[in-house]
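Please look over the structure below before reading on. The text then goes through its salt bridges, a sheet and a surface patch.

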Amino acid sequence: MTSVTTAPAPAPRDDVVEDTGARRHALTVAGLCFLAGVAAIVLFGLTATSDQVSTLLMNPRGVDTIPDVELPTQIAAFVLGFGAIALGVRALQVVDPKITVFFGGALGLFALALVIWAARDGTGAFYGLIAGSVQRATPIALGAIAGLLCERTGVINIAIEGMMLAAAFGAAITASATGSLWIGLLCGVLTGALFGAIHAVISIRYEVDQIVGGTFINIFALGLTSYLTVRVLVEYSDLNQPGTFRPFEIPLLVDIPFLGPLLFSQNVFGFVMFGLVAFLAWALFNTRWGLRVRSVGEHPRAADTVGISVRFIRYRNVILGGMVAGIGGAWFTLGSAGRFDQNMTNGKGFIALAAMIFGRWHPVGALIAALIFGFSEQLNDYLALLDTPIPSEFLLMAPYVVTIVVVAGLVGRPRVPAANGQVYRSGG
Amino acid sequence: MRVELRGITKRFPGVVANEDVNLVVEPGQVHALLGENGAGKSTLMNVLFGLYRQTEGEVLLDGVPASFSSPADAIDAGIGMVHQHFMLVPVFTVAENVMLGVEPTSAPGVLDRDAARRRVLELSARHGLDVDPDAMVEDLPVGVQQRVEILKALYREADCLILDEPTAVLTPSEIDDMLEIIRRLADEGRSVIFISHKLREVRAIADTITILRRGRVVGTTTPDESDEQELATAMVGRDVQLVVDRSAASPTDVVLRVSDLRVRDERDQLAVADVSFDVRAGEIVAIAGVQGNGQSELVSAIVGLRRPTAGRVELDGTDVTGANPARMVELGVAHVPEDRQRDGLISSFPVSDNLVLNLTGRSPYSRGIRMDRRAIRENAERLVQDFDIRTSSIDAAVGTLSGGNQQKVIVGREMSHTERLLVLSQPTRGLDVGSIQYIHHRIVQARDQGLAVLLNSSELDEVLALADRVIVMYRGGVIGEVSGEEATRDSVGMLMAGARA
Amino acid sequence: MTAPPTEAPEALPSDADDPLAGAPHERRPGVVGALRELALGLIGPLLAILTALIVGALIIVFTDPTTLEAWGSFFSAPGTALADSWDLIATSYRALFDSSLGSQRALARTLVQSTPLILVGLSVALAFKAGMFNIGGAGQLIVGAMAAAWIGITFDLPQVVHLPLALVAGVIGGAVWGGIVGFLKARTGAHEVITSIMLNFVALRLLDYALSTDTFRRPGRSDPISPEMPASVRLPEPIDSFQVHLGFVIALLVAWGAWWLLQRTTIGFRMRAVGANAKAARYAGMGVAATTVLSMGIAGGLAGLGGTTILLGSTPRLTGGFFASVGFDAIALALLGRASPIGVVGAGLLFGALQAGSTGMQAQTSTPIDIIFVIQALIILFVAAPAIVRTVWRVKETRLGAGQRFSAGWGAQ
């Protein structure tokens, strides 16, 4: 056999300035950070006067563990604004894909400046704002987890909305009929599982375009629940009085200042949501189940050739996703409203979809995204109480706009499961 | 393990991929399966590996009939396969990829990563594979990825190893290493099936050679009993004539000038590093090299499909760096793309539309925004005649044509409009010999008509047959240039392997 | 990311050496062949509609309290249960038919109802042809209607100027909203399904906001509703005593225009090429990015025009959520019409009839309107999964063709 001396790779000359992706990315992130910073300074710093003070309430009603915070409005806005600009400068120095978090930080600083500015010469219910955000984040996070369970195996799920709506309906009537919230919850989960199974069968067995399949489920669930509401619930209104789960407290932990009441005094949905996020964040990356799920979503043929049944893994996860969507759906009737109304999910399933993408198909990411989206909804109430002249509609748009920004890759493109949406057929 | 295939037939709707194939692989032997692309080698092995189910025939392992309904069954029976397209999850580590499907666990369902890593390290050391279990697969060079594939099979204690075109993506020196590894695996008592269409490798490694043509076994031999010419003849079914009749070139003005061109790939990695060369009217310049050394990116940058990050491309003295493909067509540049199914054709469109795919905007095919159907049909009828495109009708979807005829559609279209520069990437890949000869003939004709021709080919024989000058690329740079007369298998092969002359 | 989901076996027909491999696919020439093909093409959609209607009937029967009671005593009086069920289905579907096609007035209602459906359906179909899934019809028609409403409310002009201006504004509004999706896809690769879902909600909020401003809010009202559109922008009804406005004619003309654009122009060729194989289109120098933006712009414009015909026709005022559901109906009918303009017109008429009839059905039989949406959803399913229909009706595969595939995964570009 011939032996050859191999030449090293020709070294590129280093006197050439290249227009690389990493550089453009850094410039974009920095630009957005600057924008957030300048906006905070101009909108909040310059419009406040030096003698204005913002008071933020840090405790839930009837509790007094930590003192409320008083801040000079203008100085706070300036500090936060310059903080965001500093992050932008730093982004230019560290040219690295990870600087996307800098943009998140800058946006957070901007939001905080807004919260403080809105409470100038007044009192802002800061604890209420955060606690409300967690509340609102619960169904979004559950929906996002439902979505990522499907999509991690390569099955696109835009039907979270329909699955949650159907489950909300199923949970409400069974809980009303049996008088048991727990049976209602179980039935919600089963309804979700059923719709998950339908999605699985049409996208895996019948190989229907998964977006078409998802559209079918969304329209079908909306049509059917609306039809049944008019047909059945209007006449038999006692079938639509399920009641709601009461919150309960975890002793000792609930006494932690601020975080205690925030995290350890909730109803069953909140605990289940946090539990699922923590468990899945571990299980996806450290169990046999997780490894196989991810392999099927990334390279189904590779999984097939080592003897993993792609179909089985996909069926199982899409049904599991349906069940989690079922829990999320039951939140609407049994965790929040105490009754079923037509189209009561009202787009939350699509916000969950957004949260899944924003959270980059990771459970913790999805939770963070859900919290941000919940915050932007709750901020609406907070500002309304303070009589701020910001039209609520624009805050309510924020999750959607932010998601567009994220998928557009303006701040780093999310890494999608490679086989997402692809039908897999094993050989003849 | 002794593997025997008896009377295997595999039919797909409308196609017989394998017909009555008999094959015996003895333990400790390397059995080569030789055949052209499309001869049915991979299908046969996918049957053995449980990915496809045979229509007729049976598989015997150590004399016992075996029936596989999935790869899992085949793996359990001790068969391992290294696929032509790697079956590795790019975002997993080596250890994760190796253990996938047979994961060791510390508690029920919980991965025992340490056990997997230890096992990978141990196997890697024992077989001289030199693989880091914690490396992310997408960051590894292809040669190493291939060793990961072998590790996967060894991890599952395979007694029979199928290697499907294992050398297609390797450099000559990596090929030498790979052949050595394969020999050692066989010497330990495994049976190895080595699939290839490269004669020299097959003769270097095989104990027994079985030749497939159009799904049938056309002969079984050993390296000692046969020479390359015989093998080639058996493989293609007629005497191979890769020598093209052509006179010496008479190059004139410089048409294409590339200077200090730098191009990055999709992942923002440097693919072409400061490359410079010229192509003159009336000559064929070939870019040779093992696939993946920057040739594709270089060609993409020249024809306007990829924006270079630095450097210049000039056409007839005009700077056309970063011009779009439409502008290049206007300037008289034609390009036969590397991946005809993906880039060159729209398979659901009729032949006639595909013959004007990049020309619809110009006269006579359209006036304003209105397309002139009649002109398009007339053009199609003419080119089908001229280029001997075998199709049932010019309205047939181009996807229903055979590979050779699809390529003639592209070549016909491109030659119908080129005025200055003809760029061809892998123009004959996967084609039958008849089509190859025809296309080679047309390329030489184009040169003789005064076009500048740039040929990007990883088929050394094609390069040697056609080129007036050969530029060899290695790791993104030009490692050497050889004139057509001086170019030999050895001189160019050495450069392709990265050895400076 | 570009790896095909499945690998072809080594020797597929396309790579076979047989030069006549294409022969079996050859079309039968002549009128007979064309008619035969048309008939075969219609079997699938018709069976899908029939199946959906049957499933809808089952849902109607098994959710009706009185009929259910009859089924409860099925074993003592099986005849009653069956007769009751049949009565219920017959009266429901009869009412549906009567109030959609049963009289001249009903027919007029159907045509008016189908006008926006056809236009938005064309929007979805055109995007399909260009390789995109336009799930954003809802947002585009809202923005289009808002733009038209602004023209209608703000200016005071003679009809010959005012009406065309409002229509153009509607087209532009929708085109901008669709164009954003196309731009984001072309420029950054953002998947059009995600961005257009998001833009639907942005449009809904924008409408809420607009209806809270003095420009759009009806004076003296606090709920989200705009003033009535003035007579000078309303679509006239060309035939006396037949209450179908000009919008229907416009919809038919636009459908013809869409066909002409797709089949007879270089722009349409480019759109179809990008839709069928974007890589090849790019290689052929077609300016994939520009074509993508243009396609989504045109698609958005069509949806915007659809919304505008509602605003200037049957419902001359903006309200919260303004007919967003038409955007989803349109997906169903574009699928049903196999994304061809003529198919979309047919499917639009069918859906228009269903929707026009559903109000009459609710009034006469108390079967809620929403059953129509269930039926529409089922039509989507059965059209997209012909295998299900095949199983139900035991039809051979070749008769119905395979399922259609319209979009790539999030990751693919």
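Predicted model: local features only at pLDDT ≥ 70, side-chain atom pairs only at ≥ 80, totals over all residues.

Side chains of opposite charge can pair when their charged atoms come close. In chain A, R136(A) and D381(A) form a salt bridge, with their closest N and O atoms 3.1 Å apart. R136(A) belongs to helix α4 (residues 126-151) of chain A and D381(A) to helix α14 (residues 363-385) of chain A, so the pair ties together parts that are 245 residues apart in sequence. Helices (H or I, at least four residues) and strands (E, at least two) are DSSP runs, numbered from the N terminus. D381(A) is partly exposed at 35% relative accessibility, and R136(A) is partly exposed at 26%. Here buried means under 20% relative accessible area, exposed over 50%, and partly exposed in between (1.4 Å probe, protein chains only).

E96(B) and R113(B) meet in a salt bridge of 3.0 Å, N to O. E96(B) sits in helix α3 (residues 94-99) of chain B and R113(B) in helix α4 (residues 113-126) of chain B, so this pair links parts that are 17 residues apart in sequence. E96(B) counts as buried at 7% relative accessibility, whereas R113(B) is partly exposed at 29%.

Another salt bridge in chain B joins R469(B) to E481(B), with the closest N and O atoms 2.8 Å apart. R469(B) lies in strand β23 (residues 469-474) of chain B and E481(B) in strand β24 (residues 477-483) of chain B, so the pair ties together parts that are twelve residues apart in sequence. E481(B) is partly exposed at 46%, but R469(B) is buried at 18%. Salt bridges that share partners also join R2(B), E4(B), R6(B), E26(B) and E58(B) into one network.

Next comes the sheet. In chain A, three strands form an open sheet in the order β2-β1-β3, with mixed pairing; two strands pair if DSSP finds at least two bridges between them. The edge strands, β2 (69-72) and β3 (122-124) of chain A, each pair on one side only. Strand β1 (residues 53-56) of chain A runs parallel to β3(A), and three bridges join them. T55(A) stands opposite T123(A) in β3(A).

Chain C has 16 helices and zero strands. Of its 413 residues, 54% are buried. A nonpolar surface patch of about 590 Å² in chain C includes L50(C), L58(C) and W393(C). Such patches are made of residues with over 30% relative accessible area and no salt bridge: like charges are joined within 9 Å, nonpolar side chains (Val, Leu, Ile, Met, Phe, Trp, Tyr) within 5 Å. Accessible areas come from the Shrake-Rupley method with a 1.4 Å probe; for residues, only the protein chains shown count as cover. Helix α1(C) gives the largest share of the patch, four residues. L58(C) is in helix α1 of chain C and is partly exposed, with a relative accessible area of 44%.

Conventions. Residues numbered from 1 in each chain as written. Chains lettered and ligands numbered in written order. Heavy atoms only, no water. Salt bridge = Lys/Arg side-chain N within 4 Å of Asp/Glu carboxyl O.
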